[in-house]
Amino acid sequence: MSIETVLKKKQKLDKIWNQFQRAMDLGHQEYTERARYLENMYIGAGRQWWAEAEKVEALEQSGKPVLELNLIGADIRRLKGYQTQSRMNIAYKPRGEGDGTTAEILSKIALFELDQNKFPWVESQVFEDGIIQQRGYFDIRMDYEDDIKGKIKITAEDPLDVIPDPDSKTYDPKDWTGVTITKWLPLETIKALYPSKYLEVKRTMNASENDWGSGANEGVERNTFSQPHARFNYFCAGVDEYYVRVLDRQYYQVVRRDYYLDMETDELIPVPDDLTKAQAKREAKKLGYEIIPRTTKRIRWLTCTRDVILHDDWSPYDHYTIVPFFPIFRRGQTTGLVDNLITNQEAINKCHSQILHIINTTANSGWLIEEDSLTNMDTEDLEQEGGS
């Protein structure tokens, strides 16, 4: 590999890193902290007071109660129940006289694909992410693991891992400059998915380098079955069990591209990248098409670790694989349903804690008695049993 090629790869890696860092600094790190706080308010079980840990400790040391009456969790679970009764259903409608049969077949195919992907559960997961943590994301792509011809795969991405373009302000991702997914992959998965890059990744591993180098931050810890723990650029979870942090970025580039033009329908069809100009001309002549160049937006797909580019090619799709769900959206500002319940929940928790404290102090505030006025008990008995 020439020095020029090495330098170009390093420049591309640095650019991806700078874009990631910039997106984190411009709001995604703050979003992950907010999303974790919202999730704690929904889960409850003592977590609604986590943001005020010092205050809770001071209250407990002074003997004051700290109550949590989780009404948010009940409200959200009720809303999730409504959602399960009104899940999405896809149906195609005919526009012309001869489209009825086609629409019926397409509707059945759509229902089959949704069933294969267990879509009702995926939809509920994305809905739950949105109403609790402001943002939910579907990931829709082709999967060739079990079928060589490929089949549609629909999954729910962790909203803390999906980083939208920080400069965009539209709901539709087609107007975003790019979208990045950050994830941790086992080294053995790297070996299986990118066998030609495995040795290079393993060689460049540096467990002492914290989080992609100086200044990196991916926000709060993600939810797993394990306890929170510090992670590095490459970290070891056990004996010979290494994980690698990977950035998966899809972004638009403006390029000049050749298209076939169908003279009868005016339809434009991209000329496949693997055809030479001579082959493309022969194919156009055979089909009766014209070839015209056009300036267009095209999606580039790059997957990398901090030091190694794992994949860098044009996306096979005309759109990002990420599809967002924002319950409340206003020009780039997202809000969920938990946000507006927090003030009421905190007021209830604090008011009931104070009420219980007042009752406790009133019931156990001591006794004022006249000297020698007690019968059948002494002052110690009064202290212990007087409240009952």
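**Entry 1. Lys-12 and its partner**

I looked up Lys-12 and found a relative accessible area of 31%, so I noted this residue as partly exposed. The model is predicted, and I kept that in mind for every entry below. Lys-12 pairs with Asp-312 in a salt bridge, and I read 2.7 Å between the closest N and O atoms. The two residues sit in distant parts of the chain, 300 residues apart: Lys-12 belongs to helix 1 (residues 3–43) and Asp-312 to strand 9 (residues 309–314).

**Entry 2. Other salt bridges**

How many salt bridges does a search of the whole structure find? I got 16.

I picked out the pair Lys-80 and Glu-128, whose side chains form a salt bridge with an N to O distance of 2.4 Å. Lys-80 is partly exposed at a relative accessible area of 23%.

Next I took Asp-146 and Lys-151, which meet in a salt bridge at 3.8 Å, N to O. The cut-off is 4 Å, so the pair counts. Asp-146 is exposed, its relative accessible area being 61%, whereas Lys-151 is partly exposed at 32%.

I also noted a network of salt bridges that links Lys-10, Asp-14 and Arg-306. As a reminder to myself, side chains of opposite charge can pair when their charged atoms come close.

**Entry 3. The chain as a whole**

I counted the secondary structure and have 10 helices and 12 strands for the chain. The radius of gyration is 30 Å, while the globule rule gives 21 Å for 388 residues; the value is well over the rule, so I put the chain down as more spread out than a compact globule. Along the principal axes, the C-alpha atoms fill a box of roughly 120 × 65 × 40 Å.

I looked at burial next: 35% of the 388 residues are buried. For contacts with a separation of 6 or more, I found that 69% are between residues 24 or more positions apart.

**Entry 4. The second largest pocket**

I turned to the second largest pocket, which holds about 520 Å³ of space. Its lining has 23 residues, and those nearest the centre are Leu-26, Gly-27, Arg-135, Gly-332 and Gln-333. Helix 1, strand 3 (162–164) and strand 12 (333–335) are the elements that each give two or more residues to this lining.

Which element supplies the largest share of the lining? I found helix 1, with seven residues. By residue class, I recorded 10 nonpolar, eight polar and five charged in the lining of this pocket.

Most residues other than glycine have a negative phi, and I looked for exceptions. Asp-266 is one of them, with a positive phi of about 65°. I placed Asp-266 in the loop between strand 6 and strand 7 (268–270). Its relative accessible area is 58%, so Asp-266 is exposed.

Arg-331 also has a positive phi, about 45°, and is not a glycine. This residue lies in the loop between strand 11 (328–330) and strand 12. I have Arg-331 as exposed, at 53% relative accessibility.

**Entry 5. Leu-247**

Is Leu-247 buried or exposed? I read a relative accessible area of 1%, so Leu-247 is buried. Leu-247 is part of strand 6 (residues 241–262). I took one distance from this residue: Asp-318 is 71 residues away in sequence and 21 Å away in space, C-alpha to C-alpha.

**Entry 6. Tyr-92**

I found Tyr-92 in the loop between helix 3 and helix 4 (100–116). Its relative accessible area is 40%, which makes Tyr-92 partly exposed.

What does Tyr-92 contact, leaving aside its neighbours within four places in sequence? I listed Ala-103, Leu-106, Ser-107 and Ala-110. Lys-108 is 16 residues from Tyr-92 in sequence, and I have the C-alpha atoms of the two at 9.2 Å.

Key: Residues are numbered from 1 along each chain as its sequence is written. This is a predicted model: local features need pLDDT of at least 70, side-chain atom pairs count only at pLDDT 80 or more; totals for chains, interfaces and linings use all residues. Side-chain values use heavy atoms; hydrogens and water are left out. Helices (H or I, at least four residues) and strands (E, at least two) are DSSP runs, numbered from the N terminus. Buried means under 20% relative accessible area, exposed over 50%, partly exposed in between (1.4 Å probe, protein chains only). On a 1 Å grid over the protein atoms alone, a cavity is a set of points where a 1.4 Å probe fits but cannot get out, and a pocket is an open set with protein on both sides within 12 Å along at least five of seven lines; lining residues have an atom within 4 Å of a point. Grid points are joined across faces, edges and corners, and a volume is the space filled by probe spheres set on the points. Ala, Val, Leu, Ile, Met, Phe, Trp, Tyr, Cys and Pro count as nonpolar, Asp, Glu, Lys and Arg as charged, and the others, Gly among them, as polar. The radius of gyration is taken over C-alpha atoms; the globule rule is 2.2 Å times the number of residues to the power 0.38. Contact means heavy atoms within 4.5 Å.
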